[in-house]
Amino acid sequence: MSIEITVLFDVVPDRMDSVVAAFQGLCEATREEEGALRFDALRSEEHPHVVVLVEDWADQAAIDLHMKEPYVADFLARTEGSFLRPPYVHRLRALDA
């Protein structure tokens, strides 16, 4: 069973363009990883300064490897100070699990 994660980012309004660019680079690189089954950054229609990251990973080892990639460190450096609060992480599981 894969690991599904959703992360909500509340972006500082005047940093949205740079954050979107950073997410685009992160998504493009991450999708090339063997264990990344899905990695999409989406913008909320109801809350225009919220970015939602939808992830699906083959296993925890894939997540651990991802977090060590240099482009993850680059993303974190590029977006430092761009969020109103820490990201809100949801590690998901089925209701019947």
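How many bridges join strand 1 to strand 4? The count is 5, and the two strands run antiparallel. The views below show a predicted model, in which local features need pLDDT of at least 70, side-chain atom pairs count only at pLDDT 80 or more, and totals for chains, interfaces and linings use all residues. Residues are numbered from 1 along each chain as its sequence is written, and side-chain values use heavy atoms, with hydrogens and water left out.

**View 1. An open sheet of 4 strands has the order 2-3-1-4.** Pairing is antiparallel. Two strands pair if DSSP finds at least two bridges between them. Strands (E, at least two residues) and helices (H or I, at least four) are DSSP runs, numbered from the N terminus. Strand 2 (36-43) and strand 4 (88-92) are the edges, each pairing on one side only. From one strand to the next, the twist averages 15°.

**View 2. Strand 1 (residues 3-10) pairs with strand 4 and with strand 3.** On the strand 4 side, Thr-6 has His-90 as its bridge partner. Val-7 is partnered by Val-89 of strand 4. Strand 1 and strand 3 pair over 8 bridges, also in the antiparallel sense. Here Asp-10 meets its bridge partner Val-50 of strand 3.

**View 3. Helix 1 (residues 16-30) lies across strand 1, strand 2 and strand 3 (50-57).** It runs at about 165° to strand 2. Axes are lines fitted to C-alpha atoms, for helices over the stretch in contact, and angles run from 0 to 180 degrees between N-to-C directions.

**View 4. Helix 1 packs on helix 3 at an angle of about 175°.** Their axes are 10 Å apart. Helix 1 is therefore roughly antiparallel to helix 3 (angles over 145 degrees). The contact (heavy atoms within 4.5 Å) includes Phe-23 and Leu-26 of helix 1 and Tyr-71 and Phe-75 of helix 3. Its residues divide into 9 nonpolar, 3 polar and 1 charged. Ala, Val, Leu, Ile, Met, Phe, Trp, Tyr, Cys and Pro count as nonpolar, Asp, Glu, Lys and Arg as charged, and the others, Gly among them, as polar.

**View 5. The largest pocket is lined by 22 residues.** A pocket is an open set of points on a 1 Å grid over the protein atoms alone, where a 1.4 Å probe fits, with protein on both sides within 12 Å along at least five of seven lines; lining residues have an atom within 4 Å of a point. Phe-9, Leu-53, Glu-55, Met-67 and Leu-76 lie nearest the centre. Helix 3 (70-79) gives the most to the lining, with 4 residues. The lining holds 16 nonpolar, 3 polar and 3 charged residues.

Key:
Parallel < 35°, antiparallel > 145°, perpendicular 65-115°, else oblique.
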